[in-house]
Amino acid sequence: MMDKSLFSLPGIMPVMGMLVVFALVLSASIIGEAVSLSAAITTMWQGGSLAHALPHIALFFGCFALQALVHHLQDGMLDRFANKQVECLRGELLAGLFRTRGQMVRDNGTAAVTWSVLEGASQTENYLRIILPKLVGVVVIPFVLLICSFVLDLTSGIILLVMYPVIIFYMVMLGKVAKARAENQYAKYTRMSNHFVDTLRGMDTLRAFGRGRQNGEQIYQTSEDFRVATIDTLKVATLSSAVLDLIATLGVAGVAIMLAFHLVDGSIGLFAALAVLVLSPEYFKPIRQFGSDYHASLDGKNALAAIVGMIDAAKETVPAREHAVAPWSPYSMLELDEVSYTYPGADTPALKDVYLSIEGCQKVGVVGVSGSGKSTLASLLAGFASPDGGTITIDGATFDADEGGLGFSDWQNQVAYIPQDPYVFGVSLRDNIRFYAPESTDEQVMRAVELVGLDELLAQLPEGLDTVIGEGGRALSGGQAQRIALARVLLDDSRRILIFDEPTAHLDIETELELKSRMLPLMEGRLVIFATHRLHWLADMDWIIVMEDGDVAEQGDYRELLAERGALWRLVENMNGGAR
Ligand SMILES: Nc1ncnc2c1ncn2[C@@H]1O[C@H](COP(=O)(O)OP(=O)(O)OP(=O)(O)O)[C@@H](O)[C@H]1O
């Protein structure tokens, strides 16, 4: 029932301290209300005038106003605290997302991470706001009211004392069941949302292969599972509230009956009896509220646990250390020694014992059959993934698995990564091109547009550089997206390392050759890693790496390798001599 992750939140202890003070003031005002109301009624019952009862009535309204004031101050404090916590959690989650270079998404699913950042964080905010005052109130208020009841009437005090553990026992029992149901509901929700996002992504493929209907049935099934899990959770929540209400009502009824007996035999006065009677429901109120709010905010509790779990996992997987490497120059040296990498959950390594040594500014072509490890090598060199074993050395500085490989900003700020499908943001053409260099002027953007051959597209756009492209805007072809990626590289001259991962895989040969003539000049004076299936690029490369089954089968000059009739020659032969 008690959420331990709450106590790991920064700044929680002063807030809890203030909540204890608020709860004590609330307890005092509840007692004030009960005593003043009983005194007013007793005064008038004993024949006193309204004027005699007026001070008591005034005290009653004073206590009432004090409670409203305490609630107002408490809500303000909790709003600020919850808001700040959630902003921090969001920030840490996003920082972890970027630091883990997508590992968080691979481990938890796109939808789960997106949900946590947006909806989950809001639910957590709500949870903190609701549950913290209840957590304190459930301990402090009944305790103070119980002491007061004992002072007023011993028997009533004993009844109230005995009923409390009974309620707690049922709450813990039902809470355990509710927690299991809510966790199951959250797991079903995560599954449903991840499945839905995957379906949206693969919609074209599913339709092309006629699997749309079958997938629709799967979506129905996952939604149905979520519905059943939600109903299960609600059943327990309703049952729990009913049980709590029943026990609390029995407790108040027991007190009322005993008070009636004592009033009849004269062992208690009207004032004390009335005061205890007013206090009894107030005694059970915090635990009843805690019970109902606990169920209402269980989704927030799960969201907090999920967010904290993701943040902790990100901290564990990524060392915080940053490294300094000099900007890449003609004298720089990159070496990989026995580098290996296995994807999470995979049985066999995608890279094993890779050895490489690359010096200065040269064009390195990486070839191999599908699945040989080209993309994995490219993403390791871009710093998106960290090796599991071996060492990467840049100019004598070593970056091994414990240090997160090349995932540090000094390196990544030098790298431009151009994948098969460069991401086109749903913003203007200008901002898309200025991705690496947001300060660029319109003249610089226009020069890049001409150099990469985007002028034809620009002429068709109604609002020129201001036209929104990509998602939500004008859709682009694969070739146009590649040109935007190249224009980005052109604008940021400081990125001296270009990593291409099969950039022309989706293009027709005419577009590819046209782009090739624009890409080759860009590659001069830079370190270029060019992973490709298209062998006609190799003659333009200075160094060739041939990957086979996650390992470097051979490396060297293109023509020399062909003459040796080794791995490259076999690859070319298998591809019907396409490169020759
Ligand atoms: N996300 C992943 N999870 C698990 N295994 C993966 C993942 N991505 C790639 N692999 C596996 O790692 C190995 C190397 O894959 P990689 O994509 O690096 O090869 P590739 O040579 O680039 O292939 P292609 O030319 O088809 O893109 C393959 O066996 C592949 O199945």
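Me: A residue is called buried if 20 or more other C-beta atoms lie within 10 Å of its own, exposed if 12 or fewer, and partly exposed in between, with the C-beta atoms placed from the backbone. Of the 580 residues of the protein, what percentage counts as buried?

Reply: A bit of background before the number. This is a predicted model, where local features need pLDDT of at least 70, side-chain atom pairs count only at pLDDT 80 or more, and totals for chains, interfaces and linings use all residues. Residues are numbered from 1 along each chain as its sequence is written. With 580 residues in the protein, the buried share is 37%.

Me: How many helices and strands are there?

Reply: Helices (H or I, at least four residues) and strands (E, at least two) are DSSP runs, numbered from the N terminus. Going by those runs, the protein has 18 helices and 10 strands.

Me: Among contacts with a separation of 6 or more, what share comes from residues 24 or more positions apart?

Reply: Two residues are in contact if their C-beta atoms, placed from the backbone, lie within 7 Å. Of the contacts with a separation of 6 or more, the share from residues 24 or more positions apart is 77%.

Me: Which residues does UniProt list as "transmembrane region"?

Reply: UniProt positions use the numbering used here, feature names are shortened, and annotations may be inferred rather than shown by experiment. In the model, residues 131-152 are 100% helix and 0% strand, with end C-alpha atoms 31 Å apart. Residues 158-178 are also 100% helix and 0% strand, their end C-alpha atoms being 30 Å apart. The unreviewed UniProt entry gives the label to residues 131-152, 158-178 and 242-261.

Me: Where does helix H4 bend?

Reply: H4 covers residues 110-152, and its 43 residues reach 60 Å from first C-alpha to last, close to the 63 Å expected at 1.5 Å a residue. That expected span is 1.5 Å times one less than the number of residues. A bend is the angle between axes fitted to the seven residues ending at a position and the seven starting there. In H4 a bend of about 50 degrees sits at Ser116.

Me: Is H4 parallel or antiparallel to H5?

Reply: H4 packs with helix H5 (residues 154-201) at an angle of about 180 degrees, their axes 13 Å apart. The contact includes Trp115 and Leu146 of H4, and Leu160 and Tyr164 of H5. Axes are lines fitted to C-alpha atoms, for helices over the stretch in contact, and angles run from 0 to 180 degrees between N-to-C directions. Angles under 35 degrees count as roughly parallel, over 145 as roughly antiparallel, 65 to 115 as roughly perpendicular and the rest as oblique, so H4 and H5 are roughly antiparallel.

Me: Which residues does Gly109 touch, leaving out those up to four places away in sequence?

Reply: Gly109 is in the loop between helix H3 (103-108) and H4. It is partly exposed because 18 other C-beta atoms lie within 10 Å. Its C-alpha is 8.9 Å from that of Arg191, 82 residues apart along the chain. Leaving those neighbours in sequence aside, Gly109 touches Thr190 and Asn194.

Me: At which residue is the kink in H16?

Reply: H16 is made of residues 509-523 and reaches 20 Å from its first C-alpha to its last, close to the 21 Å expected at 1.5 Å a residue. Just after H16, Gly525 has a positive phi of about 70 degrees. The kink is about 30 degrees and comes shortly before the proline Pro521, at Ser517.

Me: What is the phi of Glu338?

Reply: Most residues other than glycine have a negative phi. Glu338 is in strand E1 (residues 333-341), and it is exposed because it has 12 other C-beta atoms within 10 Å. Its phi is positive, near 50 degrees.

Me: And what is the phi of Asp549?

Reply: Asp549 is in the loop between strand E9 (543-548) and strand E10 (551-556). With 15 C-beta neighbours inside 10 Å, Asp549 is partly exposed. Its phi is positive too, near 55 degrees.

Me: How far apart in space are Asp410 and Val325, C-alpha to C-alpha?

Reply: Asp410 belongs to helix H11 and is partly exposed, with 15 C-beta neighbours inside 10 Å. Asp410 and Val325 are 85 residues apart in sequence, yet their C-alpha separation is 6.1 Å.
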